[in-house]
Amino acid sequence: MTPLLESEEHKSLREAVAAFAKTHPHTTNAEDNTRLWQAAAKLGYIGVNLPEAYGGGGAGITELSLVLEELGAAGNPLLMMIVSPAICGTVIARFGTEEQKREWLPPLADGTRLMAFGITEPDAGSNSHRITTTARRDAATGDWILTGRKVFVSGVDIADATLIVGRTEDARTGKLKPCLFIVPRDAPGFERRAIDMELNAVERQFELTLDDVRLPADALVGDEDAGLLQLFAGLNPERVMTAAFGIGMGRFALAKAVEYARERTVWKTPIGAHQAIAHPLAQAHIDLELARLMMQKAAHLYDAGDDVGAGEAANMAKYAAGEACVKAVDQAVHTLGGNGLTREYGLARLITASRVARIAPVSREMILNYVSHQTLGLPKSY
């Protein structure tokens with residue numbers, strides 16, 4: 001059963017992360033961001049979901065999403081938490097070989113190494129059925145050879161390797177099936193190009209080119225014949241963590257607006273006393289709280305091993321959080337008026353950043369497609 005109320009342990013974790021995050025002012029400086037990441041890892045926050053046997057906290061996505069939410073609520077969201085421990089760490093912990101677990105999980109947990117994740121392609125988006133990045137075996141050596149392109153891959157420049165979603169040919173059917181490969185940053189033929197984004201974030205976005213990238217046989221993660229199962233084992237946590245990212249950002253913006261509305265006085269009255277200001281802020285708070293409940297449900301289902309139930313809930317949580325985040329940021333900016341667009345208050349940069357929770361890693365329209373088809377049983381138009 002999914003608990004409706006947080007345990008005392010979770011409350012304590014939330015308070016500890018919040019206190020830690022407030023000691024690190026928001027920055028767009030890469031070095032400061034790295035120090036924040038390492039400090040959080042030293043306290044066990046980055047690897048809280050990874051197995052204890054490999055240096056992690058032995059908890060789950062429930063705890064990891066809580067950490068990201070509180071970091072975001074303090075103005076310090078660590079985007080790579082969605083990617084490195086949540087997607088890559090989870091996939092390796094569940095499906096990797098013993099050698100892969102020993103090589104990657106301890107450094108992912110202690111913050112000394114990072115891993116990026118590449119699935120999106122220029123012509124396929126995140127549609128795993130249309131991915132054109134292919135992997136073929138070299139019959140003579142047993143090596144894998146990867147060829148293809150990826151776009152909107154976060155943090156490749158600071159990651160030690162990228163978990164790439166490619167497709168291999170099924171010998172029985174001749175059809176292509178998705179598989180996951182660990183590609184080291186310095187692998188020959190693995191090139192990256194920064195995408196010029198109007199997004200004020202430390203973590204940059206990249207386009208990747210894989211030109212006959214040769215990898216050893218043990219670069220394959222998991223079973224070659226269980227690609228979709230393994231892929232969604234990483235994508236469900238990604239959706240939960242994106243929800244946490246959005247909720248944290250929304251809470252940060254809302255807190256700024258509430259503080260301003262309490263103090264800003266016009267005609268001898270704080271503007272927060274006026275319902276035209278107060279009610280939209282109250283609605284934003286309600287929407288964020290509702291999104292958090294669905295996020296917690298999705299995280300608990302995933303941690304309980306219910307991948308199917310978690311898939312539905314994670315998509316709903318990501319949708320709800322994205323909408324709530326954008327509305328909270330929008331209302332916060334309007335509450336501050338012209339001040340909402342100044343650098344001093346730190347809200348203007350969120351106008352663009354909040355859209356990330358709506359767009360990535362899957363658009364709200366595709367989530368509505370998922371719910372209409374999978375949950376409501378309506379026919380597909382595609």
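This is a predicted model: local features need pLDDT of at least 70, side-chain atom pairs count only at pLDDT 80 or more; totals for chains, interfaces and linings use all residues.

1. Helix α1, which spans residues 8-22, and helix α3, which spans residues 61-73, have axes that come within 8 Å and cross at roughly 35 degrees, and the crossing of α1 and α3 is right-handed. On the α1 side the contact is made by His10, Leu13, Arg14, Val17, Ala18, Phe20 and Ala21, while α3 contributes Thr62, Glu63, Leu66, Val67, Glu69, Glu70 and Leu71. By residue class, the contact of α1 with α3 comprises eight nonpolar, two polar and four charged residues.

2. Three aromatic pairs are found when the whole structure is searched. One of them joins tryptophan 144 and phenylalanine 181 in an edge-to-face arrangement, with 5.2 Å from centre to centre and 65 degrees between the planes. This pair links distant parts of the chain, since tryptophan 144 belongs to strand β3 (residues 144-154) and phenylalanine 181 to strand β5 (residues 176-184), 37 residues apart.

3. Are the two partners of this pair buried or exposed? Tryptophan 144 counts as buried because its relative accessibility is 1%, which falls under the 20% cut-off. Phenylalanine 181 likewise counts as buried, because its relative accessibility is 0%.

4. A further ring to inspect is that of tryptophan 104, over which the charged end of arginine 113 sits, 3.8 Å from the ring centre.

Definitions and conventions
Residues are numbered from 1 along each chain as its sequence is written. Side-chain values use heavy atoms; hydrogens and water are left out. Axes are lines fitted to C-alpha atoms, for helices over the stretch in contact, and angles run from 0 to 180 degrees between N-to-C directions. Helices (H or I, at least four residues) and strands (E, at least two) are DSSP runs, numbered from the N terminus. A crossing is left-handed if the near helix is turned anticlockwise from the far one by less than a right angle, and right-handed if clockwise. Contact means heavy atoms within 4.5 Å. Ala, Val, Leu, Ile, Met, Phe, Trp, Tyr, Cys and Pro count as nonpolar, Asp, Glu, Lys and Arg as charged, and the others, Gly among them, as polar. Rings of Phe, Tyr and Trp (its six-membered ring) pair if their centres lie within 6.5 Å; planes under 30 degrees apart count as stacked, over 60 as edge-to-face and the rest as tilted. Buried means under 20% relative accessible area, exposed over 50%, partly exposed in between (1.4 Å probe, protein chains only). A charge sits over a ring if NZ of Lys or CZ of Arg is within 6 Å of the ring centre and within 35 degrees of the ring normal.
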